[in-house]
Amino acid sequence: MENLTSQKITEDLLPQEFGKQGKIWVAFLLVLCAIGAYAYYRQLSEGLVVTSMRDYASWGIYISNFVFFVAISLVGSLITAVLRLTNVHWSTPLTRIAEIIAVSAITFASLIIIVDMGRPERFYNLFLHGRLQSPIIWDVIVITTYFFISILLLYFPLLPDFQILLRFKEKTGKSLNKLYSFLGSFWKNTPAQIKISDKAINILSITIIPVAFSIHTVTSWLFATTYRPGWDSTNFGAYFISGAFLVGAGGVIVAMYIFRTHYKLEKYITNEHFDKMGKILVLLALLYLYFNVNEFLVPAFKMKKSEEEHLVGLFTGEFAPVFWFAITTAMIIPILILLFKKGRKPLPAFIAGILVVVGSWFKRYLIVTPTLLHPFLPMHDVPQNYMHYFPSWEEWAIAIGSLAGALLVITFFARIFPIIPIHETIIENEQHEKA
Amino acid sequence: MNNMKKHNQLYILIALLSCLSFNARAQATKNDLVLNLSYYNNNNQSQYVMVHAKSKIDGKFQQIPGIDVRFYITSDSSSANLLGKAITNEKGEAFVLIPPSAKDEWNKSANQSFIAVAQASKLYDETKTNVDIVKAKLQIDTSADKVITAKLLALNDTVWLPVTGVDVKVAVKRLDGNLNVNETETYTTDSTGTVTAEYKRDSLPGDAKGILTLIATIEDNDVYGNLTVEKAVPWGATFQNTSVFDKRTLFARRGHSPIWLELMAYSIILAVWLVIFYLIMQFIKIKKLGRLAD
Amino acid sequence: MKINDTSRREFITSGLLASLAIAGCSTKENPFAPDENDLVQPSGEKVKLLSVDGEIIEVDKAFLKPVPDLPTVSNEAARIGIKGKKFVMVIDLSRCKSLKKCQTACNHMHHIHPDQNWIKVYAMQDADHTAPYWQPTTCMHCDEPPCVKVCPVDATFKRQDGIVLIDSDRCIGCRFCMAACPYSTRVFNWEDPGLSKEIADKPYSCETSVPQKTGTVGKCDFCPDMVRQGSLPHCVSACPNGVFMFGDMNEDTVSNGPETFRFSDLIRDKAGYRLMEDLGTKPSVYYLPPVNRNFPFENKEEEGTEKINPKS
């Protein structure tokens, strides 16, 4: 970020219209969403029978997708809050990417949980008849809270940018101008306003950390509060949080690379950013690996009868290919790539990020389904198809559609708002030059 | 030609035969209905007759619901003697209480007949059954040392005389079965028509005051039918309801969660949402400052 | 001729009023001792009857049993349960030969989806060299039910009489209860259970669990509707071997119909136990061990041999 005038910065970072690539990308995501919507229409009319879930595997990829979304949304608190509070300035260009990932992921987490319900039209019962004893109610409360805090943390730093955006009416177009004016015309950059806003962002950064920890801890408790082998673990909260930070950081690296290459932001998202994020990712992958060792080695050492079937199924049985694939792609290979300085260059880091995200998605699948297929009493007195689980096309379509939807939200956000904070970048550039 | 004629005759014969057998089969689709009629007398007060309808379907006897049954007192099924009508339930049972209108007929003799007539339907022909009984009374008494005596008396012309050699069960009345007062299943009445049973169910829970209901029963007796008589005695342990239904537990209903959980949850929610509201207030403040700057 | 006043009062005070009632058969009298029963109150409407002595007496209509069509209880009453009761089941493994009459009767009476069963009969063998046996399972109606703990909307609930029921009109179909239940007793209506119109149009009752509804959870309900009629649950009366015994723990008595036992004696003498005691769920279903069996263990089912890997 050297020798840049604030005018150049502003021009570089203004939201751009979709090019040909962008339009194809949006159309592609829209098609995926439409297929997902059709699949959900089928599910609404026929019932959950269109899925492959049955009485034993009573939760499937909807729930693993939910856990994945909640996990990836945690990155908002990591990049924005943790790094901001520790006065790490290099992360400034990444904060908005992290926050929009958080908001979009937490939105689709709520949507996918409604998709999983047998009676979505009774959703209001959660408010009418909610029982405080149920971890689901805790989850509803913390996810709603996290959603609002994330929106605020996205909104407050946007305020100074609106003032800049409003100056470029011809470039941004009339309708967007109206939107900016509605959202931020009151921002005059007065010292009093800046003071309040800075304070609010600080308070938010502090508040979001425990709330973020809560959303994923409570999500882990949906499993850990049962007796089932593989879920009955006191390690689960920490295990989930470390995994969530890993997938979130991986997601940010992927988004960084795509925005950087697509919008030509090499001056703002620099090689140094990839190097630093790469180091963070290695650290998080090692941390998650540590929790995995805890989670599997300890029960495997004892091999309690109830755990045995489950663990053997993961290590060498039915689920072994997915299990080892997830461990290798989400942790081992990224660690091996990113440990080296060359591996932390943009492209290899991007590949490592993709591996982390894909591996983590399958990891979530392994957390949910194998446990359900290893109940305490043997599976019995049910048709053959109740004893196995492979998602139906409707489930795949809905899961993929929801992922596409989350990406669509991020894409449109980048179209409408500056994906890198303009005002903050200018300020930091000035400070940098002064120094 | 002759041959042909012979054949023709044969064909006609076969056709006729098959017609006949078809008819026979059509009639056979009306299954036989089996009715069992029993007489019940509870506490020498309320009396009723109950019919049990069953039929053999696919080689197995099954209870037949929906049969329209009429009950008559005495062997004469004239409408004057009609006790009532009832339709069999899912268990194939239908009953009528013996109404006051049967008083004159009932008081005629020490013996009594009842008949039940199942009305003809699509599936079954009209079916009749009857039961004859001798009027009898069962009495129950207890002594201070927890000994129970039950006495069976039958009406002989106009006098109630003790009956010997009838099986009587002596039990404690429970939710869905009668628990014998000791290890002996049944007693047989002696020459005074009496059975004597010792109560050996120590500390069996009764109600809140420790009251138990003793019950003496005669089941399916050929002569006297089904008789029961009850007596409440304070021999039970006092029952204290220890339900945790109204306690605050994790498995209680809405609004009954443990205090520690409510305290923790509500204080966290309150703290975080106060912060959120504070921030929204700050936001409004920024907005106001912006308007002032204009 | 009316029964005279003094003797009538005696009947009331001694708690014998309900004994005037008429029961379905002689062994199954009125199910509730009168002063514990909050459900049958005198209606004030009298019915005239003829006594053995040829006298006319009056009885309150509310105490006539069986009432041909019992009105289904309200949702509120079904959620609270029967006062003073604590229902309990005893399953005698030494009598079971996997006839599955219990299962057939249960499926039939509750109109369950043909793929599913609320009662399962497991072929169990705890270890390589231990004896195999049949183990029927119902809902355990735990005293600390993990399924109820996790239900977000009070759709499954624990009543004061110990029964755990489901309100299918409230259930949102999140299936957390199914994940929480260690006994795999809950089933989900993935599709329409294929009911006749007559059944499907009935208003849902938590006590009958009929009709099952798409997108909601179902399970064994201990048949509280039968209990209210003074009858035994369907599985109990369907079993020809008397494997199931049902009763009220507060009366210390269980019965399979023909036989009635003192519950505490039975559990003590035959060393009764409960499943997965270590989980702390405190089930209401007790098992009597498969010793001195009535039948040898013969596993004729093809599917049953495939996997025998239980924990008790």
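The predicted model scores an ipTM of 0.91 and a pTM of 0.87. For chain C, the average pLDDT is 82, and 79% of the residues score at least 70. Two stretches of chain C have a pLDDT below 50. Over residues 1–39 of chain C the pLDDT is below 50, and this stretch has 76 contacts in the model beyond near neighbours in sequence. The pLDDT is likewise below 50 over residues 302–312 of chain C, a stretch with 22 contacts beyond near neighbours in sequence.

In chain A, helix 2 covers residues 20–46 and comprises 27 residues. From its first C-alpha to its last, helix 2 of chain A reaches 39 Å, close to the 39 Å expected at 1.5 Å a residue. Five positions of this helix, A:Leu29, A:Gly36, A:Ala39, A:Tyr40 and A:Gln43, are buried. An α-helix has 3.6 residues a turn, so residues three or four places apart point the same way. The cover over the buried residues of helix 2 of chain A includes helix 5 (92–116) and helix 17 (393–416) of chain A. Just after helix 2 of chain A, A:Gly47 adopts a positive phi of about 100°.

Chain C contains an open sheet of five strands, in the order 12-11-10-3-13 and with mixed pairing. Strand 12 (260–262) and strand 13 (285–288) of chain C lie at the edges and have a single partner strand each, so one side of each is left without a neighbour in the sheet. On average, neighbouring strands of this sheet are turned by 25° against each other, direction ignored. Strands of a sheet pair through backbone hydrogen bonds, either parallel or antiparallel. Between strand 3 (residues 87–92) and strand 13 of chain C, the pairing is parallel and extends over four bridges. Within strand 13 of chain C, C:Val285 is the bridge partner of C:Met89.

The contact between chains B and C takes 48 residues from chain B and 46 residues from chain C. On the side of chain B that touches chain C, the elements that each supply at least two residues are strand 1 (33–42), strand 2 (46–57), strand 6 (93–97), helix 2 (103–106), strand 13 (178–180), strand 16 (212–221) and strand 17 (225–233) of chain B. Strand 17 of chain B gives the most to this side, with four residues. By residue class, the side of chain B that touches chain C divides into 18 nonpolar, 17 polar and 13 charged residues.

Terms used:
Residues numbered from 1 in each chain as written. Chains lettered and ligands numbered in written order. Predicted model: local features only at pLDDT ≥ 70, side-chain atom pairs only at ≥ 80, totals over all residues. Expected span 1.5 Å × (residues − 1). Buried ≥ 20, exposed ≤ 12 C-beta atoms within 10 Å, placed from the backbone. Contact = placed C-beta atoms within 7 Å. Pairing = 2+ DSSP bridges. Axes fitted to C-alpha atoms, helices over the stretch in contact; angles between N-to-C directions. pLDDT = per-residue confidence, 0-100. Nonpolar A, V, L, I, M, F, W, Y, C, P; charged D, E, K, R; others polar.
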